[in-house]
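Dear colleague,

Please find below the structure for your review. My findings follow directly after it.

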Amino acid sequence: LLDPEDDDIYGGRDSAPNVIRALSLVPPEVRALEDMHDAQYLTYAEMAEFVNLDRSLTRAQIEFVAAKVSVANECFY
């Protein structure tokens with residue numbers, strides 16, 4: 001069980017991904033991960049808006065371009 005001051009690290013969920021569970025041993029790291037996630041990723045509402053926009057590229061084409069840019073930038077993932 002978590003200390004009362006650390007209850008927020010699961011975001012009100014009963015379960016969490018394994019990386020969050022492992023990092024829960026160091027609550028400030030969970031908060032840092034959440035901050036990084038919020039800065040780099042869209043929320044579900046933002047993603048829905050992004051997907052539903054009328055644009056000349058399909059979602060698959062956007063993903064393809066993103067993958068090619070990652071390769072060109074020598075990203076490891």
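Beyond its neighbours within four places in sequence, Ala 16 is in contact (heavy atoms within 4.5 Å) with Tyr 10 and Arg 21. Ala 16 also belongs to the largest nonpolar core, whose 5 residues are Ile 9, Tyr 10, Ala 16, Ile 20 and Val 30. Such a core is a set of buried Ala, Val, Leu, Ile, Met, Phe, Trp, Tyr and Cys residues joined through side-chain atoms within 4.5 Å. Here buried means under 20% relative accessible area, exposed over 50%, and partly exposed in between (1.4 Å probe, protein chains only).

Please note that this is a predicted model, in which local features need pLDDT of at least 70 and side-chain atom pairs count only at pLDDT 80 or more, while totals for chains, interfaces and linings use all residues. Residues are numbered from 1 along each chain as its sequence is written, and side-chain values use heavy atoms, with hydrogens and water left out.

As to the overall fold, the protein chain has 4 helices and 0 strands, where helices (H or I, at least four residues) and strands (E, at least two) are DSSP runs numbered from the N terminus. The radius of gyration, taken over C-alpha atoms, is 17 Å, whereas a compact globule of 77 residues would have a value near 11 Å; the globule rule is 2.2 Å times the number of residues to the power 0.38. The C-alpha trace spans about 50 × 30 × 20 Å along its principal axes. Of the 77 residues, 12% are buried. Among contacts with a separation of 6 or more, 9% involve residues 24 or more positions apart.

Thr 43 lies in the loop between helix H2 (27-40) and helix H3 (44-51). Thr 43 counts as partly exposed because its relative accessible area is 43%. Between Thr 43 and Arg 21 there are 21 Å in space, C-alpha to C-alpha, at 22 residues apart in sequence.

Val 65 lies in helix H4 (residues 59-72) and is partly exposed, since its relative accessibility is 43%.

Glu 74 lies in the segment after H4. What is the phi of Glu 74? The angle is near 60 degrees, a positive value in a residue other than glycine. Most residues other than glycine have a negative phi. Glu 74 is classed as exposed because its relative accessible area is 71%.

Yours sincerely
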